[in-house]
Amino acid sequence: MIFSRGRKQDPIVEFWAWWPTIRPAVVAAIAGGGWGSIAEDVSKRVAAIHKELAWEFSAGRESRHALVVSPSGNAELRAVAARWAALAPAADPEFEYHTSRQPDHSTLTATIEIGGGVKLDMSQLRFAFQRDDGAAAIDVVGYHPMFRKLQETVRGQVTFLALDWLLGEEGVETWVGAVEFAADEPAGARDPLDLVAAVDTLREEYREPQWVIMRATPPGAPMILALAVRPLRSVRWPRFDTHVPVSLPFPHRTDEGLPDTASLEALRDFEDGPLAAALHGDGELVAHESSDGVRTLHYYVDGTTSAGADLAAAAATWQLGRAQVGRAHDPGFEAVAHLS
């Protein structure tokens with residue numbers, strides 16, 4: 001007899017094969033039926049994908065209900081959640097599927113109970129905020145009259161919960177910069193929906209890709225010229241968890257070490273031609289830096305695809321010098337944080 005070990009099933013594939021069998025019971029439970037072991041069963045299935053993923057049922061935006069499986073801000077898990085969503089069935093009138101908590105403004109008129117039995121009337125919550133145009137973000141300060149009676153950690157929990165309810169998790173990660181929470185009412189504190197309007201305005205301004213130019217001359221070092229997309233937040237590309245820097249030397253340069261007209265044309269043609277063709281939709285160029293005769297293009301790719309290897313193969317065809325290509329797991333975009 002010949003024995004063979006069966007191939008382990010993909011837990012995401014198993015989840016979606018199992019979901020239709022439990023979905024009717026979920027609908028009945030939401031309508032007021034008994035939950036029984038439903039929550040425990042869902043938790044086990046989600047944990048099989050990754051033990052640190054969070055999940056919840058909530059009201060849908062277009063459908064009646066939503067199932068959310070979220071990385072809860074953990075960049076390491078965004079690609080996992082994105083793959084879960086990619087295999088989800090199409091939304092229908094009953095259910096839709098998300099990888100982040102969706103906005104729920106109704107919660108901001110409710111009274112919630114937090115640690116120690118303290119009750120907060122969320123309609124009294126206010127936000128002071130201002131735009132940071134350099135980062136394409138809005139810095140916020142949360143305030144509630146009860147904050148002066150609460151520990152700082154609890155103030156923070158309430159503020160971040162409220163931001164999620166206002167903007168959704170993805171909205172917070174994309175458009176909110178610094179977050180603070182004040183015991184005393186800050187100057188300019190406004191209704192939470194004013195913050196929603198400000199974020200909507202910012203989102204509309206950046207609906208089309210925008211790039212910013214930055215220059216720096218470190219002491220004793222050559223000038224650095226950088227271009228980076230705004231907003232440069234990893235949450236915008238949840239699948240792209242691998243940093244692939246492609247460094248291209250250029251022989252024709254200005255006195256500052258930057259590409260002259262001939263090199264600049266060659267670099268642009270190579271970027272728009274062989275390098276762009278190597279991505280196949282599985283990666284994105286988010287920034288590049290030029291200094292001392294070298295341009296480094298910062299690509300992020302889906303590490304489960306061949307995009308990284310294809311970029312390396314394309315880079316090897318650069319004719320003006322020997323290209324260098326790196327590769328590192330970086331779901332939080334730490335390698336380009338200095339350009340954000």
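Author: A nonpolar core is a set of buried Ala, Val, Leu, Ile, Met, Phe, Trp, Tyr and Cys residues joined through side-chain atoms within 4.5 Å. Please note that the model discussed here is predicted.

Reader: Which residues touch the most other members of the largest nonpolar core?

Author: In soluble globular proteins, nonpolar side chains tend to be buried together. The largest such core in this model has 28 residues. Those that touch the most other members are Met122, Phe127 and Leu195.

Reader: Which element gives the most residues to this core?

Author: At least two residues come from each of strand E4 (111-114), strand E7, helix H4 and helix H5 (192-205). With nine residues, the element that gives the most is H4.

Reader: In which sense do strands E7 and E8 pair, and what is the handedness of the crossover between them?

Author: E7 (residues 137-143) and E8 (residues 176-182) pair over five bridges in the parallel sense. Within this pair, Ile138 stands opposite Val176. The chain passes from E7 through H4 (residues 152-175) to E8, and this β-α-β crossover is right-handed.

Technical notes. Residues are numbered from 1 along each chain as its sequence is written. This is a predicted model: local features need pLDDT of at least 70, side-chain atom pairs count only at pLDDT 80 or more; totals for chains, interfaces and linings use all residues. Side-chain values use heavy atoms; hydrogens and water are left out. Two strands pair if DSSP finds at least two bridges between them. Helices (H or I, at least four residues) and strands (E, at least two) are DSSP runs, numbered from the N terminus. A crossover is right-handed if, with the strands pointing away from the viewer, the path from the first strand over the helix to the second runs clockwise. Buried means under 20% relative accessible area, exposed over 50%, partly exposed in between (1.4 Å probe, protein chains only).
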